Amino acid sequence: MTSYMEREIVPLSEPEQREITRLAISAGQRLLQHGAESALVMDVTRRLGLALGVESVEVSLSASSMVISTRHMESCITTTRQCRDGGINMRIVTEIQRICILTERGLMDLRDVHNKLELIQPPRYPRLLVIIMIGLSCASFSRLAGGDWPVFFVTFIASSIGMFVRQEIAHCHFNPLINFAFTAFVTTLISGFAQVYQIGDKPFIAMASSVLMLVPGFPLINAVADMVKGYPSMGLARWTMASLLTLATCIGIVAAMNVLNVWGWLL
(Lines give C-alpha, C1' and ligand atoms only; values in the text may rest on other atoms or scores of the structure.)
Protein backbone atom coordinates (compact mmCIF):
# COMPACT_ATOMS: atom_id res chain seq x y z
CA MET A 1 0.00 0.00 0.00
CA THR A 2 1.12 3.54 -0.67
CA SER A 3 1.52 6.15 2.03
CA TYR A 4 -0.68 9.22 2.21
CA MET A 5 2.14 11.37 0.76
CA GLU A 6 2.11 9.30 -2.44
CA ARG A 7 -1.65 9.32 -3.00
CA GLU A 8 -3.28 11.52 -5.56
CA ILE A 9 -5.78 14.06 -4.32
CA VAL A 10 -9.23 12.57 -4.85
CA PRO A 11 -12.57 14.36 -4.55
CA LEU A 12 -14.34 14.05 -1.22
CA SER A 13 -18.02 14.54 -0.58
CA GLU A 14 -19.05 17.00 2.10
CA PRO A 15 -20.09 14.23 4.54
CA GLU A 16 -16.69 12.54 4.05
CA GLN A 17 -14.79 15.76 4.68
CA ARG A 18 -16.97 16.48 7.69
CA GLU A 19 -16.23 13.00 9.10
CA ILE A 20 -12.49 13.49 8.55
CA THR A 21 -12.67 16.82 10.36
CA ARG A 22 -14.58 15.23 13.22
CA LEU A 23 -12.09 12.35 13.57
CA ALA A 24 -9.07 14.65 13.43
CA ILE A 25 -10.38 16.98 16.12
CA SER A 26 -11.53 14.02 18.22
CA ALA A 27 -7.98 12.66 18.19
CA GLY A 28 -6.51 16.06 19.03
CA GLN A 29 -9.06 16.66 21.76
CA ARG A 30 -8.21 13.43 23.51
CA LEU A 31 -4.50 14.10 23.23
CA LEU A 32 -4.96 17.53 24.82
CA GLN A 33 -7.22 16.14 27.54
CA HIS A 34 -4.76 13.43 28.57
CA GLY A 35 -1.53 15.38 28.91
CA ALA A 36 0.13 15.58 25.47
CA GLU A 37 2.24 18.65 24.77
CA SER A 38 0.89 21.20 22.29
CA ALA A 39 3.39 20.41 19.52
CA LEU A 40 2.36 16.74 19.56
CA VAL A 41 -1.36 17.60 19.59
CA MET A 42 -1.05 19.84 16.54
CA ASP A 43 1.29 17.49 14.69
CA VAL A 44 -0.85 14.36 15.12
CA THR A 45 -4.09 16.23 14.32
CA ARG A 46 -2.66 17.59 11.06
CA ARG A 47 -1.06 14.33 10.02
CA LEU A 48 -4.24 12.34 10.66
CA GLY A 49 -6.36 14.74 8.62
CA LEU A 50 -3.90 14.72 5.73
CA ALA A 51 -3.60 10.93 5.85
CA LEU A 52 -7.37 10.60 5.59
CA GLY A 53 -7.45 12.63 2.40
CA VAL A 54 -7.94 16.38 2.92
CA GLU A 55 -5.54 18.89 1.34
CA SER A 56 -4.72 20.92 4.44
CA VAL A 57 -5.46 21.03 8.16
CA GLU A 58 -5.15 24.12 10.35
CA VAL A 59 -5.26 23.80 14.13
CA SER A 60 -5.61 26.41 16.87
CA LEU A 61 -5.20 25.54 20.56
CA SER A 62 -6.18 27.26 23.78
CA ALA A 63 -5.99 26.14 27.37
CA SER A 64 -9.43 24.50 27.37
CA SER A 65 -10.46 24.14 23.71
CA MET A 66 -9.24 23.60 20.18
CA VAL A 67 -10.37 24.70 16.73
CA ILE A 68 -9.63 22.83 13.50
CA SER A 69 -10.25 23.73 9.85
CA THR A 70 -9.89 21.30 6.96
CA ARG A 71 -9.72 22.42 3.34
CA HIS A 72 -10.23 20.24 0.29
CA MET A 73 -10.84 21.46 -3.27
CA GLU A 74 -12.19 24.87 -2.23
CA SER A 75 -14.39 23.37 0.49
CA CYS A 76 -13.56 24.42 4.03
CA ILE A 77 -15.04 23.00 7.23
CA THR A 78 -14.29 24.38 10.69
CA THR A 79 -15.25 22.88 14.04
CA THR A 80 -14.36 23.43 17.68
CA ARG A 81 -14.27 21.26 20.79
CA GLN A 82 -14.01 21.97 24.49
CA CYS A 83 -11.17 20.03 26.13
CA ARG A 84 -11.87 19.25 29.76
CA ASP A 85 -9.03 17.79 31.79
CA GLY A 86 -9.17 14.00 31.64
CA GLY A 87 -6.06 13.26 33.70
CA ILE A 88 -2.61 12.35 32.45
CA ASN A 89 -2.72 9.10 30.49
CA MET A 90 0.18 8.25 28.20
CA ARG A 91 -1.47 5.02 27.06
CA ILE A 92 -4.19 6.96 25.25
CA VAL A 93 -1.59 9.35 23.78
CA THR A 94 0.42 6.38 22.49
CA GLU A 95 -2.63 4.63 21.01
CA ILE A 96 -3.67 7.73 19.06
CA GLN A 97 -0.14 8.15 17.72
CA ARG A 98 -0.22 4.53 16.59
CA ILE A 99 -3.51 5.11 14.76
CA CYS A 100 -1.99 8.13 13.01
CA ILE A 101 1.07 6.17 11.87
CA LEU A 102 -0.99 3.23 10.57
CA THR A 103 -3.25 5.63 8.65
CA GLU A 104 -0.25 7.35 7.07
CA ARG A 105 1.03 3.97 5.91
CA GLY A 106 -2.31 3.21 4.26
CA LEU A 107 -3.18 0.41 6.65
CA MET A 108 -6.33 2.09 7.99
CA ASP A 109 -9.15 3.93 6.25
CA LEU A 110 -11.84 6.30 7.52
CA ARG A 111 -14.00 3.55 9.00
CA ASP A 112 -11.02 1.87 10.71
CA VAL A 113 -9.92 5.14 12.32
CA HIS A 114 -13.45 5.79 13.55
CA ASN A 115 -13.73 2.32 15.08
CA LYS A 116 -10.28 2.47 16.69
CA LEU A 117 -10.90 5.87 18.26
CA GLU A 118 -14.22 4.65 19.64
CA LEU A 119 -12.52 1.65 21.24
CA ILE A 120 -9.86 3.66 23.09
CA GLN A 121 -10.81 3.95 26.74
CA PRO A 122 -8.65 5.17 29.64
CA PRO A 123 -7.52 2.23 31.76
CA ARG A 124 -8.77 2.27 35.32
CA TYR A 125 -6.42 0.76 37.86
CA PRO A 126 -7.96 -0.63 41.06
CA ARG A 127 -8.23 2.15 43.62
CA LEU A 128 -6.63 0.06 46.36
CA LEU A 129 -3.63 -0.67 44.13
CA VAL A 130 -3.16 3.05 43.40
CA ILE A 131 -3.35 3.89 47.11
CA ILE A 132 -0.78 1.25 48.04
CA MET A 133 1.65 2.19 45.25
CA ILE A 134 1.43 5.91 46.05
CA GLY A 135 2.07 5.11 49.70
CA LEU A 136 5.09 2.97 48.83
CA SER A 137 6.53 5.57 46.46
CA CYS A 138 6.32 8.39 49.02
CA ALA A 139 7.65 6.10 51.74
CA SER A 140 10.57 5.13 49.49
CA PHE A 141 11.42 8.81 49.06
CA SER A 142 11.54 9.13 52.84
CA ARG A 143 14.11 6.33 52.97
CA LEU A 144 16.14 7.96 50.22
CA ALA A 145 16.09 11.20 52.22
CA GLY A 146 17.62 9.42 55.21
CA GLY A 147 14.58 8.39 57.25
CA ASP A 148 14.54 5.16 59.24
CA TRP A 149 11.88 2.44 59.16
CA PRO A 150 9.46 4.15 61.61
CA VAL A 151 9.56 7.23 59.37
CA PHE A 152 8.99 4.97 56.37
CA PHE A 153 5.83 3.48 57.87
CA VAL A 154 4.48 6.87 59.00
CA THR A 155 5.02 8.24 55.51
CA PHE A 156 3.32 5.21 53.98
CA ILE A 157 0.24 5.60 56.20
CA ALA A 158 -0.01 9.38 55.71
CA SER A 159 0.40 9.33 51.94
CA SER A 160 -1.95 6.34 51.52
CA ILE A 161 -4.71 8.05 53.50
CA GLY A 162 -4.01 11.28 51.61
CA MET A 163 -4.40 9.48 48.29
CA PHE A 164 -7.67 7.98 49.45
CA VAL A 165 -8.93 11.46 50.38
CA ARG A 166 -7.78 12.80 47.01
CA GLN A 167 -9.69 10.06 45.17
CA GLU A 168 -12.86 10.70 47.17
CA ILE A 169 -12.77 14.45 46.54
CA ALA A 170 -12.09 13.90 42.83
CA HIS A 171 -15.01 11.47 42.69
CA CYS A 172 -17.27 14.26 43.97
CA HIS A 173 -15.98 16.54 41.16
CA PHE A 174 -14.65 19.31 43.38
CA ASN A 175 -12.29 21.94 42.00
CA PRO A 176 -8.72 20.53 41.74
CA LEU A 177 -7.40 23.43 43.85
CA ILE A 178 -9.72 22.47 46.73
CA ASN A 179 -8.72 18.83 46.23
CA PHE A 180 -4.99 19.56 46.46
CA ALA A 181 -5.37 21.91 49.45
CA PHE A 182 -7.50 19.50 51.49
CA THR A 183 -5.38 16.47 50.56
CA ALA A 184 -2.21 18.32 51.61
CA PHE A 185 -3.88 19.33 54.88
CA VAL A 186 -4.94 15.77 55.77
CA THR A 187 -1.63 14.23 54.71
CA THR A 188 0.48 16.75 56.64
CA LEU A 189 -1.79 16.48 59.67
CA ILE A 190 -1.24 12.71 59.85
CA SER A 191 2.50 12.79 59.15
CA GLY A 192 2.89 15.69 61.60
CA PHE A 193 2.10 13.39 64.49
CA ALA A 194 5.48 11.78 63.87
CA GLN A 195 7.03 15.11 64.80
CA VAL A 196 4.69 15.60 67.78
CA TYR A 197 5.48 12.18 69.27
CA GLN A 198 9.06 12.00 67.91
CA ILE A 199 8.54 8.83 65.92
CA GLY A 200 11.77 7.84 64.22
CA ASP A 201 15.14 9.58 64.13
CA LYS A 202 14.11 12.29 61.61
CA PRO A 203 10.31 12.64 61.80
CA PHE A 204 10.26 15.85 59.76
CA ILE A 205 11.21 13.76 56.71
CA ALA A 206 7.80 12.07 56.89
CA MET A 207 6.09 15.47 56.63
CA ALA A 208 8.09 16.40 53.54
CA SER A 209 7.90 13.03 51.78
CA SER A 210 4.22 12.26 52.27
CA VAL A 211 3.05 15.24 50.14
CA LEU A 212 5.33 14.52 47.18
CA MET A 213 2.38 12.88 45.41
CA LEU A 214 0.92 16.39 44.97
CA VAL A 215 3.86 17.81 43.02
CA PRO A 216 2.48 18.76 39.54
CA GLY A 217 5.59 17.60 37.71
CA PHE A 218 4.03 16.63 34.40
CA PRO A 219 2.12 19.91 33.87
CA LEU A 220 5.28 21.88 34.66
CA ILE A 221 7.32 19.84 32.17
CA ASN A 222 4.66 20.33 29.48
CA ALA A 223 4.51 24.05 30.25
CA VAL A 224 8.23 24.46 29.66
CA ALA A 225 8.11 22.26 26.55
CA ASP A 226 5.27 24.35 25.09
CA MET A 227 7.08 27.64 25.66
CA VAL A 228 10.35 26.32 24.24
CA LYS A 229 8.64 24.88 21.14
CA GLY A 230 6.78 28.06 20.22
CA TYR A 231 3.45 27.81 22.07
CA PRO A 232 3.85 30.50 24.76
CA SER A 233 0.15 31.01 25.46
CA MET A 234 -0.42 27.29 26.09
CA GLY A 235 2.78 27.09 28.13
CA LEU A 236 1.80 30.03 30.31
CA ALA A 237 -1.69 28.62 30.85
CA ARG A 238 -0.29 25.28 31.95
CA TRP A 239 2.37 26.95 34.09
CA THR A 240 -0.27 29.09 35.80
CA MET A 241 -2.45 26.06 36.60
CA ALA A 242 0.53 24.08 37.92
CA SER A 243 1.56 27.06 40.06
CA LEU A 244 -1.96 27.38 41.48
CA LEU A 245 -1.96 23.68 42.35
CA THR A 246 1.39 24.14 44.10
CA LEU A 247 0.03 27.15 45.99
CA ALA A 248 -3.05 25.19 47.07
CA THR A 249 -0.80 22.39 48.31
CA CYS A 250 1.31 24.86 50.30
CA ILE A 251 -1.81 26.36 51.88
CA GLY A 252 -2.93 22.91 53.02
CA ILE A 253 0.52 22.10 54.42
CA VAL A 254 0.84 25.37 56.33
CA ALA A 255 -2.71 25.05 57.69
CA ALA A 256 -1.95 21.58 59.09
CA MET A 257 1.31 22.82 60.61
CA ASN A 258 -0.57 25.64 62.32
CA VAL A 259 -3.09 23.19 63.78
CA LEU A 260 -0.33 21.01 65.21
CA ASN A 261 2.04 23.92 65.92
CA VAL A 262 4.74 21.79 64.33
CA TRP A 263 6.83 23.26 61.52
CA GLY A 264 8.89 20.26 60.48
CA TRP A 265 11.54 21.05 57.89
CA LEU A 266 10.60 24.77 57.80
CA LEU A 267 12.46 25.51 61.01
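Guide: Helices (H or I, at least four residues) and strands (E, at least two) are DSSP runs, numbered from the N terminus, and the place of Arg 238 is in one of them, helix H10, residues 232-260. The model is predicted, so local features need pLDDT of at least 70 and side-chain atom pairs pLDDT 80 or more, while totals for chains, interfaces and linings use all residues. Residues are numbered from 1 along each chain as its sequence is written, and side-chain values use heavy atoms, leaving out hydrogens and water.

Visitor: Why does Arg 238 count as buried?

Guide: Its relative accessibility is 14%, and buried means under 20% relative accessible area, with exposed over 50% and partly exposed in between, for a 1.4 Å probe and protein chains only; Arg 238 therefore counts as buried.

Visitor: Which residues does Arg 238 touch, not counting those up to four places away in sequence?

Guide: With contact meaning heavy atoms within 4.5 Å, Arg 238 touches Leu 32, Ala 36, Glu 37, Ser 38, Pro 219, Asn 222, Ala 223 and Asp 226.

Visitor: What makes the passage of H1 by H4 a left-handed crossing?

Guide: A crossing is left-handed if the near helix is turned anticlockwise from the far one by less than a right angle, and right-handed if clockwise; H1 passes H4 in the left-handed sense. The axes of H1 (residues 14-33) and H4 (residues 110-119) cross at roughly 35 degrees and come within 11 Å, where axes are lines fitted to C-alpha atoms, for helices over the stretch in contact, and angles run from 0 to 180 degrees between N-to-C directions.

Visitor: What makes a group of residues a nonpolar core?

Guide: Such a core is a set of buried Ala, Val, Leu, Ile, Met, Phe, Trp, Tyr and Cys residues joined through side-chain atoms within 4.5 Å; the largest one here has 31 residues, and Leu 61, Ile 96, Val 113 and Leu 117 have the most contacts inside it. H1 supplies the largest share of this core, seven residues. A second, separate core of 16 residues includes Ala 184, Met 207, Leu 214 and Ile 253.

Visitor: How do you know that S1 and S2 pair, and over how many bridges?

Guide: Two strands pair if DSSP finds at least two bridges between them, and S1 and S2 have six, in the antiparallel sense; Ser 56 stands opposite Arg 71 in S2.

Visitor: Why is one side of S1 and of S3 left without a neighbour in the sheet?

Guide: The three strands form an open sheet in the order S1-S2-S3. S1 and S3 (75-82) stand at its edges, each with a single partner strand, so one side of each has no neighbour in the sheet.
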